[in-house]
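Hi,

Here is the structure I promised to send over. My notes on what turned up follow below it.

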Amino acid sequence: MEMIVPPRPDAGETRDNQTFEALMWAMSRPGKVYEIAEPGLLSVAMTLVDIEMQVYCDDSALAEAISRTGACKAAADEAGYLFVAGDPMPAIRTADPGTALYPDNGATIVIAASISGGPRLQLTGPGIMTTIEASPDLPLAFWVERARRSAYPAGLDLIIVEERRVIALPRSTQVEVL
Amino acid sequence: MTALSELTRPWAAMSYGFLDASAKREMRRKMLKAIAVPGCQMVYASREVPMARGWGTGGLQVTLTLVNPASVVKVIDQGADDSVNAVSIRKFLARVSGARETWDTLEATILQSRHRIPEELMREDQILVLQVPNPEPLRPVEPNMSVAREMHADADYGRLWLILYEQMVRSGRIMQGAAYPSLVNGRHVITPSPIPRWDVPKLHMAHHLTFLSAGREKRIFAVPPFTSVEPLVFSDVPYKVEEHGDLTCHRSGVKGYFMNEIPQDDGSSAFELSDSNLGIKAIQARDGEPVKIGETWYNSGAMQ
């Protein structure tokens with residue numbers, strides 16, 4: 001008889017696994033709402049970043065918490081991940097969208113914002129059967145800037161977090177403001 | 001001040017799911033990028049796993065990142081759950097994660113596969129992880145990786161059509177049997193790993209999420225749900241899957257799916273279902289056992 005006890009994940013592993021699964025499905029099905037394990041940007045940061053990443057954060061308390069993952073603080077145009085608790089415009093204006101040669105350099109912007117109550121958007125693209133509507137609470141200028149700064153396959157990937165709820169808009173998603 | 005104890009974790013014999021937390025975070029970042037740019041190859045570190053490179057280490061790292069105690073894993077090798085490679089990977093996954101093992105496509109939450117996509121329709125909550133030996137569709141026409149990267153950046157895929165054209169000139173038909181180059185989301189050409197032509201249409205506008213990961217080559221790419229996957233064809237030469245629609249499995253009597261050809265002593269051939277668990281379920285159903293066979297992509301040899 002086999003006497004090996006199946007390993008159990010610790011609390012951190014469980015949280016990160018669950019959060020990643022939500023982020024993965026959110027990225028796969030843009031505009032659809034999923035739930036991460038714990039509310040807020042920090043649990044997304046814990047899941048994704050560590051000493052290998054350059055991270056920008058506009059909130060000093062959150063930046064301090066994120067730096068405990070080992071991630072280096074960086075300017076908005078050099079960071080691979082941008083965590084935005086305040087005004088999202090500086091991030092979308094300056095984040096690095098990568099190039100057609102290296103689309104993997106395109107940054108991910110994680111924004112704390114309400115996932116409803118903003119301008120109505122119609123999304124199409126991979127992960128969406130026909131079309132889907134979303135209305136994250138971000139200004140109209142944000143979507144104009146996003147369109148201006150993407151030249152697929154270069155572009156910026158967006159994750160919008162409201163408490164535990166999360167939606168994602170990868171760069172492959174076409175956004176039409178209704 | 002940060003105390004040293006805050007920066008370290010309590011001692012453990014092994015990380016949950018074998019990979020350490022840092023390796024998993026890197027995989028997660030690359031998996032999200034792979035989804036965000038469907039079909040674009042993302043480089044990753046490809047950590048050591050207790051298996052030789054080239055035996056499914058790429059798929060294994062994706063599965064190890066995804067797996068949790070509630071996962072149900074199915075691992076197939078050319079359609080079979082009972083090959084040595086498939087059994088070893090599945091046992092390893094269960095041992096390091098506590099996940100449940102299954103042979104049934106309908107039960108699985110994560111399906112890791114070498115060179116086949118199961119015949120039963122995959123649902124929107126299922127993840128397919130394909131092991132990829134050579135992720136670069138341009139390698140036969142451009143051995144220099146840096147130049148191939150530029151060709152991807154420019155969507156310069158003309159030479160792939162040239163290969164297909166040469167096959168037609170030489171043989172009268174397209175001879176590409178497996179790893180048929182396909183255009184994803186109208187932008188990036190991928191090799192869908194050496195799945196037969198039969199399986200490529202299953203990726204087109206699928207309900208499930210597919211990761212394709214090459215551990216030896218350190219590249220990962222993905223096909224999200226509802227993403228177009230179009231095999232490269234000429235406008236006057238339609239894409240053809242293998243002509244297996246009329247073959248009957250000599251063990252289960254099932255007809256209309258992808259078959260393995262088994263040479264016989266008299267020079268003829270017998271055929272058996274490549275998706276072995278579908279065959280097992282068909283035999284169980286024939287013997288009156290309660291067994292659930294799901295909807296399939298193909299019916300009577302034709303894609304639905």
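**The A/B interface**

Chain B puts 50 residues into the contact and chain A puts in 46, where contact means heavy atoms within 4.5 Å. Bear in mind that this is a predicted model, with local features needing pLDDT of at least 70 and side-chain atom pairs counting only at pLDDT 80 or more, while totals for chains, interfaces and linings use all residues. Residues are numbered from 1 along each chain as its sequence is written, chains are lettered from A in the order in which they are written, and side-chain values use heavy atoms, without hydrogens and water.

About 4000 Å² is buried between the two chains, 57% of it from carbon and sulfur atoms; that is the accessible area (1.4 Å probe) lost on putting the two parts together, summed over both.

The rule finds six salt bridges across the interface (a side-chain nitrogen of Lys or Arg within 4 Å of a carboxyl oxygen of Asp or Glu). One of the salt bridges joins K33(B) to D157(A), at 2.7 Å from N to O.

**The nonpolar core**

A nonpolar core here is a set of buried Ala, Val, Leu, Ile, Met, Phe, Trp, Tyr and Cys residues joined through side-chain atoms within 4.5 Å, buried being under 20% relative accessible area (1.4 Å probe, protein chains only). The largest has 61 residues, and M24(A), V49(A), F83(A), L66(B) and F211(B) touch the most other members. Leaving aside neighbours within four places in sequence, F211(B) contacts M24(A) as well as residues of chain B including M31(B), I35(B) and V62(B).

Cheers

Definitions and conventions
Buried means under 20% relative accessible area, exposed over 50%, partly exposed in between (1.4 Å probe, protein chains only).
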